[in-house]
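Colleague: I would like to learn how to read this model feature by feature, with the general idea given before each case. Could we begin with the terms and then move on to the details?

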Amino acid sequence: MKNLILTLFFSLTAILSFGQDLNALTDEIATSIELDEAQTKALKTQMEKYTISLQLIFDKYEEAEPDPQAMLTDIKHAREDYYKALKNDIGKEKFKAYEAYTDQVKLEVLSEAAGLRLLDLQDPLKMTDDQVTKMKPVMGKAMKGIMETLMQYIDKPMNVRTKLKVANSLKSIKKTMDRETAEILTQEQIKKWEEMKEAAKAEAEKQ
């Protein structure tokens with residue numbers, strides 16, 4: 001579970017580090033989901049507040065070894081407050097459109113982040129450029145699924161029922177990724193990738 005929390009922690013940090021000018025971002029969203037002037041102003045106001053709250057959280061945990069679980073719990077609660085205020089300001093229908101649009105953006109960002117990892121794997125696995133391109137959304141979707149699962153349960157008591165729900169969700173994500181990967185990579189490439197993962201795991205356990 002700790003490794004999965006760290007995966008989410010670093011993935012979320014990667015998304016936030018892709019941040020662009022806030023005005024440009026809100027204008028892009030407002031145009032894409034057709035917000036009126038008042039709704040656009042409300043979006044900018046709430047995004048500014050949310051950005052400040054996230055920065056305060058990062059500042060709070062700025063140390064050599066921050067507690068990822070505590071930090072992600074704070075981020076989850078800040079996001080819930082942001083969503084509640086934004087939905088109230090722009091209305092339920094536009095909020096649904098906002099969620100759908102930003103959901104796609106998250107997938108695109110995570111797919112590009114996955115692309116960096118795939119470039120490292122390309123030579124060892126002898127992947128073609130086409131295979132790398134096809135694998136990016138597969139890995140991006142899996143990363144997004146892990147993020148959403150852990151954010152859902154990050155502040156819940158880790159009793160048997162919760163652990164089973166997390167395990168089932170993550171197993172489903174892995175099953176989907178394995179199936180889609182098998183449609184892109186050869187069995188030899190998949191076998192080599194698994195061997196590399198096992199070697200990395202063994203090396204990490206030695207440290």
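Modeller: Let us start with accessibility: a residue is called buried when its relative accessible area is under 20%, exposed when it is over 50%, and partly exposed in between, with a 1.4 Å probe and protein chains only. This is a predicted model, in which local features need pLDDT of at least 70 and side-chain atom pairs count only at pLDDT 80 or more, while totals for chains, interfaces and linings use all residues. Residues are numbered from 1 along each chain as its sequence is written, and side-chain values use heavy atoms, with hydrogens and water left out.

Colleague: What is the mean pLDDT of the chain, and which helix has the lowest mean value?

Modeller: The pLDDT is the predictor's confidence in each residue, on a scale from 0 to 100. For this chain the mean is 87, and 88% of the residues reach 70 or more. Among the elements of the chain, helix α1 (residues 2–17) has the lowest mean, 53, whereas helix α7 (residues 160–182) has the highest, 94.

Colleague: How many helices and strands does the chain have?

Modeller: Helices (H or I, at least four residues) and strands (E, at least two) are taken as DSSP runs and numbered from the N terminus. On that basis the chain has 8 helices and 0 strands. Of its 207 residues, 36% are buried. A contact means heavy atoms within 4.5 Å, and among contacts between residues at least 6 apart in sequence, 70% join residues at least 24 apart.

Colleague: Which residues of helix α2 are buried, and where do they pack?

Modeller: The general idea is that an α-helix has 3.6 residues a turn, so residues three or four places apart point the same way. In helix α2 (residues 22–32), the buried residues are Thr 26, Ile 29 and Ala 30. They cover an arc of only 100° around the axis, taken from the directions from the helix axis to the C-beta atoms, which puts them on the same side of α2. These buried residues pack against α3 (37–60) and α5 (92–125).

Colleague: Which residues have a positive phi although they are not glycines?

Modeller: Glu 34 has a positive phi of about 60° although it is not a glycine, and this residue is found in the loop between α2 and α3. With a relative accessible area of 62%, Glu 34 is exposed. Lys 126 has a positive phi of about 55°, again without being a glycine, and lies in the loop between α5 and α6. At 67% relative accessibility, Lys 126 counts as exposed.

Colleague: How many salt bridges are there, and which residue pairs with Asp 103?

Modeller: Side chains of opposite charge can pair when their charged atoms come close. The rule used here asks for a side-chain nitrogen of Lys or Arg within 4 Å of a carboxyl oxygen of Asp or Glu, and by this rule the count comes to 11 salt bridges. Asp 103 forms one of them with Lys 144, their closest N and O atoms being 2.8 Å apart. The pair links distant parts of the chain, since Asp 103 is in helix α5 and Lys 144 in helix α6 (residues 129–153), 41 residues apart. Asp 103 is partly exposed at 31% relative accessibility, whereas Lys 144 is buried at 12%.

Colleague: Where do Glu 112 and Lys 136 lie, and where do Glu 148 and Lys 144 lie?

Modeller: Glu 112 and Lys 136 meet in a salt bridge through their side chains (3.1 Å, N to O). Because Glu 112 lies in helix α5 and Lys 136 in helix α6, the pair ties together parts that are 24 residues apart in sequence. Both are partly exposed, Glu 112 with a relative accessible area of 42% and Lys 136 with 21%. The side chains of Glu 148 and Lys 144 also meet in a salt bridge (2.5 Å, N to O), but these two residues both lie in helix α6, 4 residues apart, about one turn of the helix.

Colleague: Is Thr 181 buried or exposed, and which residues does it touch?

Modeller: Thr 181, which has its place in helix α7, counts as buried at 6% relative accessibility. Not counting residues up to four places away in sequence, Thr 181 touches Met 135, Val 138, Ile 190 and Trp 193.
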